[in-house]
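Here is a short report on one protein chain. Look at the sequence and the fold, then read on.

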Amino acid sequence: MDWTEDLNAAQLEAVEATEGPVLVLAGPGSGKTRVLTCRVAFLVGERGVAPWHILAVTFTNKAAREMRGRLELLLGEQLQRLTLGTFHATCARILRGEAEHTPFSRDYVIYDSSDQLAAVAQAVAELNLDEKRYQPQALRAVISRAKNELIGPDEYRPQTYWEEVASRVYARYQDILRVNDALDFDDLLMATVQLFRHNEGMLARYQQRYQYILVDEWQDTNVAQYELVKLLGARHRNVFVVGDPDQSIYRFRGADYRNVHRFEDDYPEARVILLERNYRSTQTVLDVANAIISPSPNRHPKVLYTQEEAGAPIVVQELYDEDEEASFVVEEIAQLVARGYNPGECAVMYRTNAQSRALEDAFIRRGLPYHLVGATRFYARREIKDLLAYLRIIHNPYDGLSLERVMNVPPRGIGPRTRHELDEWRLAEGLATYDAVQLLRENDFEAPLSGRSRKVLADLGALWGELVNARSMLPLPRLLDLVMERTDYEAHIRDGTEEGEERWANVMELRAVAHAHGDLPPEEGLSSFLEKVALVSDVDDLQEQADVPTLLTLHMAKGLEFQAVFMVGMEEGLLPHSRSLEDPEQLEEERRLCYVGITRAKERLYLLYTFRRAFFGDSGSDVRLPSRFLSEIPPELIEGREKELAHAPADREARRYRLQTQWAQEAEEPVMAQFSVGDRVRHPAFGSGIVMDSRVSSGDEEVVVAFEEVGIKRLLVSLAKLEFRH
DNA sequence: GTGGCCCCTGTTTTT
DNA sequence: CAGGGGCCAC
């Protein structure tokens, strides 16, 4: 096997420079994933390095999975002894393996951000603080920032009175996690660093093991991650990092692109390799990208270029509002598809998840499928969190937060009063909830509880005890079924509403995920499943080959590429986001976010903005200004009549007037409803159905049809080819 | 005491 | 529009 095949000189250099520290500055589309993969293959296949000695860190689980797949293809063997994963997954595994050296058990639970919030709220309540003044959200952010900078509760030095309170909340929060045998995302990193700092022998063992370290997306590492790499690589110094400061977009999460320069300080002997040649986009797209990023101050100048053709000009277009913007996107995709584009090669990107709604509506109205990444994340859905909480309290009965969540779900008569009684008693006795409710099952056991409370709690104890007993007997899917059966969860969730059906479908999907998790022995299956679902991100679930357009945030788009990219909401206040306007550093990050979006496009790029946009519901509709970034694009790269408009602010008033009146006229045009309730109709794709509702709005007729085959759909008569069935 | 209903508020980005 | 908190009827 020839590893050097198809690599350019710079890529080859990066692959073969195996000894000593290497910093690769890789522009978008410059083949860095290939370089990483080839380098591992080269180490194993050419240099004879055992996979056991390699640690490769990627940004998402999906990237790790893909890399492993490619390596197995290249090397033709299983690479089970290779450590390959995200920082968080890698740390989670180390901590589990070294649990006896930590304050946690092997079965510790991983808290996600909503769990964190609940724990912060609990800390605030326990300290009798006012939630208005000390908002759990803000406190969580402060705690998270501290942890990302490796500042524990004892080292935290408050500068203000508010921070003084925050430090107390931090300490209390950390105690709560300890009692619940839980770690949050940030703890996974911080605890691992602390583990190594306090156990020299163990650190030496890991240093000896990880002789070659590779890290992707280096510009998005935080202090904790930087420190971890520094510790592990200190002995062999074969640290290979790939990054692009221009694509640093996770500052809010503690990431610091200055880690790129810091690397050069810490490893003065480092070789620096620049990858500028782009293999993804047309020169036009790259010119736009260069124009957007070059005003950014303090950057290492780096100019993207390609040897491919210039390509089509980009489209910059103003639409009336978010609905029209969405319809434009859908229509344009339909036309691209008609011209031979694969729908799966089109993506719509936006700054905030809330923007997906108008887009979804447009796709639904047009009767076209789409794939939404994120939004209400699958694992953040209530029904999913409920069932996972049951699995967690089975796995680890001391996870109090998960218990809190499902103690009364489905409702079983355990309200605040009963809880209070229980807590008064069990805390006085020093009992964990699990042990307390087990005691209540014994008839002759004396406890200061009202009869009613005692009964419902004993019932809970019986249920919980049964489930915990089943833990070691039943494989994961059957355990999940038992939870649903014993809690009568289906009846709880499936309330006859459409939403209930949707939730039930999610439950079925979770069940499928559990089934697909593998035939591990009962307890191991449960444990690895819980770890996996705690650490997956939504991009991870993205099935690329799915033949439909993808809707996703700009953040989630990092690392992906599409033939055609639509960036919607290119407006002041959205991109750059209003929350970033005061801080120049944050504003620069918005610029980079814009750059990331643009450089996802291979051939076609659409930058869209609206004249007005509704925010929550209808309550706030706001006149918009085009994004400042648009004015930095050289006009010759832009197609069509909008190119002058985007550059002539004086013209904007006239254009507004035109758009507004045009819209108003269209809206006033009387449209007669063609269909009425009860009509039998046929749709080319959905088959036959019956009209359930019809109304005229926005100059079109909107009908709701119950189809025999595919259920209820909402359609626009002007778009859907509906005909009467006789 | 509990559970359902209504009103209020408030939108960045996520491992 | 949606999640959370407060209020009122069982």
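Buried means under 20% relative accessible area, exposed over 50%, and partly exposed in between (1.4 Å probe, protein chains only). Keep that in mind for arginine 503 and glutamate 383, which are both buried.

This is a predicted model, in which local features need pLDDT of at least 70, side-chain atom pairs count only at pLDDT 80 or more, and totals for chains, interfaces and linings use all residues. Residues are numbered from 1 along each chain as its sequence is written, chains are lettered from A and ligands numbered from 1 in the order in which they are written, and side-chain values use heavy atoms, with hydrogens and water left out.

## The sheet

Two terms come first. Helices (H or I, at least four residues) and strands (E, at least two) are DSSP runs, numbered from the N terminus. Two strands pair if DSSP finds at least two bridges between them.

In what order do the strands of the 7-stranded open sheet run? The order is 11-12-10-13-14-9-17, and the pairing is parallel. Strand 11 (371-372) and strand 17 (638-639) stand at the edges with a single partner strand each, so one side of each has no neighbour in the sheet.

Strand 10 is mostly covered, with 5 of its 5 residues buried. Cys346, Val348 and Tyr350 point one way from strand 10, while Ala347 and Met349 point the other way. Strand 14 is largely enclosed by the rest of the structure, because 9 of its 10 residues are buried.

| Strand pair | Bridges | One facing pair |
|---|---|---|
| Strand 10 and strand 12 (residues 550-553) | 4 bridges | Alanine 347 and threonine 550 |
| Strand 10 and strand 13 | 4 bridges | Valine 348 and phenylalanine 566 |
| Strand 13 (residues 562-567) and strand 14 (residues 601-610) | 5 bridges | Methionine 567 and leucine 607 |
| Strand 9 and strand 14 | 5 bridges | Glutamine 317 and leucine 608 |

Helices pack on this sheet too. Contact means heavy atoms within 4.5 Å. Axes are lines fitted to C-alpha atoms, for helices over the stretch in contact, and angles run from 0 to 180 degrees between N-to-C directions. Helix 12 (residues 283-293) touches strand 9 (314-319) and strand 14, and its direction makes about 50° with that of strand 14. Helix 13 (residues 322-338) touches strand 9, strand 10 (346-350), strand 13 and strand 14. Its direction makes about 155° with that of strand 14.

## The cores

A nonpolar core is a set of buried Ala, Val, Leu, Ile, Met, Phe, Trp, Tyr and Cys residues joined through side-chain atoms within 4.5 Å. The largest has 65 residues. Which members touch the most others? They are Val169, Leu188, Phe196, Leu232 and Phe263. Leaving aside neighbours within four places in sequence, phenylalanine 263 is in contact with Pro21, Val22, Leu23, Trp218, Tyr226, Val239, Val241 and Ala270. A second, separate core has 49 residues, including Leu387, Leu388, Val468 and Leu510.

## Salt bridges

Side chains of opposite charge can pair when their charged atoms come close. A salt bridge is a side-chain nitrogen of Lys or Arg within 4 Å of a carboxyl oxygen of Asp or Glu. How many does a search of the whole structure find? It finds 50.

Lysine 147 and aspartate 184 form one of them, at 2.7 Å from N to O. This pair links distant parts of the chain: lysine 147 lies in helix 6 (residues 136-148) and aspartate 184 in strand 5 (residues 182-184), 37 residues apart. Lysine 147 counts as buried, at 0% relative accessibility. Aspartate 184 is buried as well, at 1%.

Arginine 503 pairs with glutamate 383, and their closest N and O atoms are 2.5 Å apart. Arginine 503 is in helix 22 (residues 498-516) and glutamate 383 in helix 15 (residues 382-395), 120 residues apart.

Arginine 417 and glutamate 421 meet at 3.9 Å. They are 4 residues apart in helix 17 (residues 416-429), so about one helical turn separates them. Is arginine 417 buried or exposed? Arginine 417 is exposed, at 62% relative accessible area, whereas glutamate 421 counts as buried at 14%.

Some salt bridges join into a network, which links Arg251, Asp256, Arg258, Arg262, Asp583 and Glu585.
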